[in-house]
Amino acid sequence: MSNWVLEGGGTLELREEWLPVRVADQFLAALREEIPWRQNHVTIAGKRIAEPRLSSWHGDEDAVYTYARELHRPAPWTPHLSLLREALERDVGSRFNSVLANRYRSGQDAMGMHADDERELGPEPIIASVSLGMTRAFQLAPKKGRAGERRTLRLAHGSLLVMGGPLQRDWKHGVPREAHVFEERLNLTFRYVAPRGRA
Ligand SMILES: O=C(O)CCC(=O)C(=O)O
Ligand SMILES: [Mn+2]
């Protein structure tokens with residue numbers, strides 16, 4: 001297990017083999033089938049652009065979430081997402097009522113630098129990120145401060161990364177393109193969204 005405290009006090013905890021390889025293999029195969037993967041779009045400067053990945057939002061009924069200025073109603077928990085949620089609530093010691101599943105079909109798929117700093121996540125959200133499939137680069141950069149002060153973690157099959165403290169206030173993160181990667185990668189970020197009406 002590795003722990004980091006970044007400037008400002010945000011925390012990262014990486015458990016490399018949170019799921020043993022055989023178990024991670026089973027979750028990868030099951031979740032590829034179980035999740036209704038969707039192509040979502042974002043509108044930038046009036047242009048509708050396909051996100052460079054597939055995704056799906058799941059959770060308790062009242063865990064409604066705005067992402068990229070769009071309201072997302074969660075799809076129900078699938079059997080393997082529920083199993084992961086239970087294991088995470090036990091191992092991390094926090095509650096999670098929703099998960100964003102991302103499917104990077106190859107190294108051509110990516111996620112731009114952003115912070116999960118939406119109001120409904122609260123000021124210091126604990127976000128538990130499970131990685132499956134080929135190892136993926138995960139970049140962090142301070143929101144303010146010196147350019148070039150990026151850090152890169154490698155998130156392997158079965159690993160768990162827990163982001164906490166004021167990390168989302170001070171830092172952005174994202175998944176860069178990796179031209180030499182042809183394999184698929186899945187990522188599941190479990191969150192606690194303030195139930196609608198109480199945000
Ligand atoms: O795939 C990753 O590690 C990043 C996912 C992420 O940042 C998100 O779902 O908000
Ligand atoms: Mn994120």
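This is a predicted model: local features need pLDDT of at least 70, side-chain atom pairs count only at pLDDT 80 or more; totals for chains, interfaces and linings use all residues.
## Helix α1

Helix α1 covers residues 21–34, and its end C-alpha atoms are 20 Å apart, which agrees with the 20 Å that its 14 residues should span at 1.5 Å a residue.

## Helix α2

Helix α2, made up of residues 79–92, also has 14 residues, and from its first C-alpha to its last it reaches 20 Å, close to the 20 Å expected at 1.5 Å a residue. Its buried residues are L81, L84, R85 and L88. Seen down the axis of α2, the buried residues fall within an arc of 105°, and therefore they line one face of the helix. The exposed residues P79, E86 and R90 are on the other side of α2.

What covers the buried residues of α2 includes β5 (54–59), β8, β10 (127–133) and β15. After α2 comes G93, whose phi is positive, near 80°.

## The nonpolar core

The largest nonpolar core has 40 residues, and those with the most contacts inside it are V99, A128 and L188. At least two residues of this core come from each of α1, α2, β8, β10, β11 (136–142), β13 (160–164), β14 and β15.

V99, one of the residues with the most contacts inside the core, touches H58, G59, L81, L188, T189 and F190, not counting residues up to four places away in sequence. Among these partners of V99 are L188, which is likewise listed with the most contacts inside the core, and L81, which is one of the buried residues of α2.

Around ligand 1 are the residues L100, N102, M111, D116, S129, F138, H173, V175, N187 and T189. Two or more residues of this shell are given by each of β8 (98–104), β14 (171–175) and β15 (185–191). By class, the shell consists of 4 nonpolar, 5 polar and 1 charged residues.

H173, one of the residues around ligand 1, is also in contact with M113. The C-alpha atoms of M113 and H173 are separated by 5.0 Å, although the two are 60 residues apart along the chain. M113 is found in strand β9 (residues 111–114), and because it has 15 C-beta neighbours inside 10 Å, M113 counts as partly exposed. Leaving aside neighbours within four places in sequence, the contacts of M113 are A141, K172, H173 and G174.

## Two further loop positions

E184 lies in the loop between β14 and β15 and is partly exposed, with 17 other C-beta atoms within 10 Å. Apart from its neighbours within four places in sequence, E184 is in contact with R103, Y104, R105, S106 and G133. The C-alpha atoms of E184 and Q108 are separated by 9.9 Å, the two residues being 76 residues apart along the chain.

A45 has its place in the loop between β3 (41–44) and β4 (47–50). This residue has a positive phi of about 50° although it is not a glycine. With 5 other C-beta atoms within 10 Å, A45 is exposed.

Notes. Residues are numbered from 1 along each chain as its sequence is written. Chains are lettered from A and ligands numbered from 1 in the order in which they are written. A residue is near a molecule or strand if its C-beta atom, placed from the backbone, lies within 6 Å of it. Helices (H or I, at least four residues) and strands (E, at least two) are DSSP runs, numbered from the N terminus. Ala, Val, Leu, Ile, Met, Phe, Trp, Tyr, Cys and Pro count as nonpolar, Asp, Glu, Lys and Arg as charged, and the others, Gly among them, as polar. The expected span of a helix is 1.5 Å times one less than its number of residues. A residue is buried if 20 or more other C-beta atoms lie within 10 Å of its own, exposed if 12 or fewer, and partly exposed in between; C-beta atoms are placed from the backbone. The arc is that of the directions from the helix axis to the C-beta atoms. Two residues are in contact if their C-beta atoms, placed from the backbone, lie within 7 Å. A nonpolar core is a set of buried Ala, Val, Leu, Ile, Met, Phe, Trp, Tyr and Cys residues joined through C-beta atoms within 7 Å.
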